[in-house]
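I opened a notebook page for this structure. Below is what I looked up, entry by entry.

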Amino acid sequence: MNATIKSIGIYHPEREITNSFFETYLETSDQWIRERTGIEKRYFSLENEYTSDLCVKAVEALQKNHKTDVQEVDFIIVATSTPDQILPSAASRVQAKLGIPHAGCIDISAACGGFVYGIILAKGLIAAQTHRKVLVIGAETLSKAIDLSDRNSCILFGDGAGAVIVEVSSENHIFNALTDTEGNLGKELFISHLSETVDGEPILADRKMHQNGRAVFKWAVSTLVKNIPILVAKNNWKLDDIDFLIPHSANIRILEAVCKKLELPMEKCVESIRNYGNTSAASIPIAWYNGLVSGKIKSHDQLLLIGFGGGLTCAGICLENNIVLEKVD
Ligand code: ACO
């Protein structure tokens, strides 16, 4: 059974946080943040605004952009590292809030790779002919999981959500995929929860994000430089066949380093880092949507989506863009 993606919607909270916010209480500067990360601003959710709320707003936006009946969705996948609660899943909360009857619901915990993992699983459900219309959402409220006193990490992250529907189609527009994990590097980036050790080493179980920025940076560049050509070859493409690369937006310097090493022009790289910060599982759909709105990404363009992050894990997929925005707010 063939699968395609025809609809997309995104949402970011209203509270805009510019780099100057961090200058008021940390030893940092707008210039340092722009130069070292590319970030100009990000959005933080309100105190009582959680990941499932952002998911619902992204689906509402999707319904404004496209004539599609969300009530027909038969499976909901939410990729997030910041669910409202560990149990029930954010997906179950979204199902209840949207009143979608009888949909299967799961969350995926694959950090910034989560959205691509979601598409891979949705395509699998459709290929297995068990489901016909799968809602895949990448959403985060990372502002609730950052230590605002840690200048190495708090300046990086933002909140947001992006939703797409993967559905049965007469033609196939979702092609080959790749997944890769180096679990032994898990300690380099984690949000602590119950365990007080990671890889046998004691940690502070404070439910906050902890990362070794330099180690993650190095791993991200080498993983993308290794995996993008493997995925392209798996799909019988050449690097030149990629119209647009949509990598997870973690740091503009990671994307620049990858494009330089692969000799891909930066103009082919669609990012969301400048205006949203690192929104983890939401960063790829946000970049995709903005690429459509700007007119950069067009129908039938060949896209390579690749996410990477906590795990440390990575997932990529090749697809043909079949999304046309019918009405943009
Ligand atoms: N403002 C000013 N100075 C700072 C700041 C800041 N906000 N943060 C760090 N510095 C300082 C450091 O203390 C250090 O000072 P020192 O030389 O006196 O020790 C100096 O800047 C350089 O520090 P580095 O860590 O080498 O800086 P780097 O250029 O590597 O940038 C950063 C740090 C932005 C964290 C970068 O390493 C990065 O982006 N790493 C990848 C992060 C990432 O991709 N995370 C994935 C998360 S996705 C997910 O799964 C959730």
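Entry 1, the ligand shell. I sorted the residues around the ligand by kind and found 12 nonpolar, 11 polar and five charged. I used these classes: Ala, Val, Leu, Ile, Met, Phe, Trp, Tyr, Cys and Pro are nonpolar, Asp, Glu, Lys and Arg are charged, and the others, Gly among them, are polar. The shell holds 28 residues, and T28, R36, C112, R214 and N251 are the closest.

A note on the source. This is a predicted model, in which local features need pLDDT of at least 70 and side-chain atom pairs count only at pLDDT 80 or more, while totals for chains, interfaces and linings use all residues. Residues are numbered from 1 along each chain as its sequence is written, and side-chain values use heavy atoms, with hydrogens and water left out.

An oxygen atom of the ligand is 2.7 Å from an N or O atom in the side chain of R36. Another entry in my list pairs a nitrogen atom of the ligand with an N or O atom in the side chain of W32, at 3.4 Å. For G310 it is a polar backbone atom that lies 2.8 Å from an oxygen atom of the ligand. On its own the ligand has 1000 Å² of accessible area, and the protein covers 78% of this. Accessible areas come from the Shrake-Rupley method with a 1.4 Å probe; for residues, only the protein chains shown count as cover.

I then asked which elements give two or more residues to the shell. They are α2 (30-37), β12 (209-211), α6 (213-234) and α7. The largest share, four residues, comes from α6. Helices (H or I, at least four residues) and strands (E, at least two) are DSSP runs, numbered from the N terminus.

The chain is divided into domain 1 (3-174) and domain 2 (175-320), with bounds from an automatic or database domain assignment. Why does the ligand lie between them? Both domains give residues to the shell around the ligand, so it lies between domain 1 and domain 2. The domain centres, taken over C-alpha atoms, are separated by 15 Å. I found 49 residues of domain 1 in contact (heavy atoms within 4.5 Å) with 48 residues of domain 2.

I found L231 in helix α6. Is L231 buried or exposed? L231 is buried, with a relative accessible area of 0%. Buried means under 20% relative accessible area, exposed over 50%, and partly exposed in between (1.4 Å probe, protein chains only). Leaving aside neighbours within four places in sequence, L231 is in contact with N176, A177, L178, L304, G316, I317 and C318. L231 and G316 are 85 residues apart in sequence, yet their C-alpha atoms are 7.3 Å apart.

S272 sits in the loop between α7 (252-262) and α8 (273-276). At a relative accessible area of 2%, S272 is buried. Its side chain reaches the backbone oxygen of S283 at 3.0 Å. S283 is one of the buried residues of α9. In helix α9 (residues 283-293), nine of the 11 residues are buried. Just after α9, G295 takes a positive phi of about 85°.

Not counting residues up to four places away in sequence, I155 touches F22, W32, I33, T37, I39 and R42. S153 is in the loop between β6 (133-141) and β7 (159-169) too, and its side chain makes a polar contact with the side chain of D150 (3.0 Å).

A cis peptide bond joins L87 and P88, with omega about 5°. The bond from G311 to L312 is also cis, with omega near -10°. H102 is not a glycine but has a positive phi of about 60°; H102 is exposed, at 79% relative accessible area.

Technical notes:
A polar contact is a pair of N or O atoms within 3.5 Å; within protein, one must be able to donate a hydrogen and the other to accept it, and residues adjacent in sequence count only if both atoms are side-chain atoms. A residue is near a molecule or strand if one of its heavy atoms lies within 4 Å of it.
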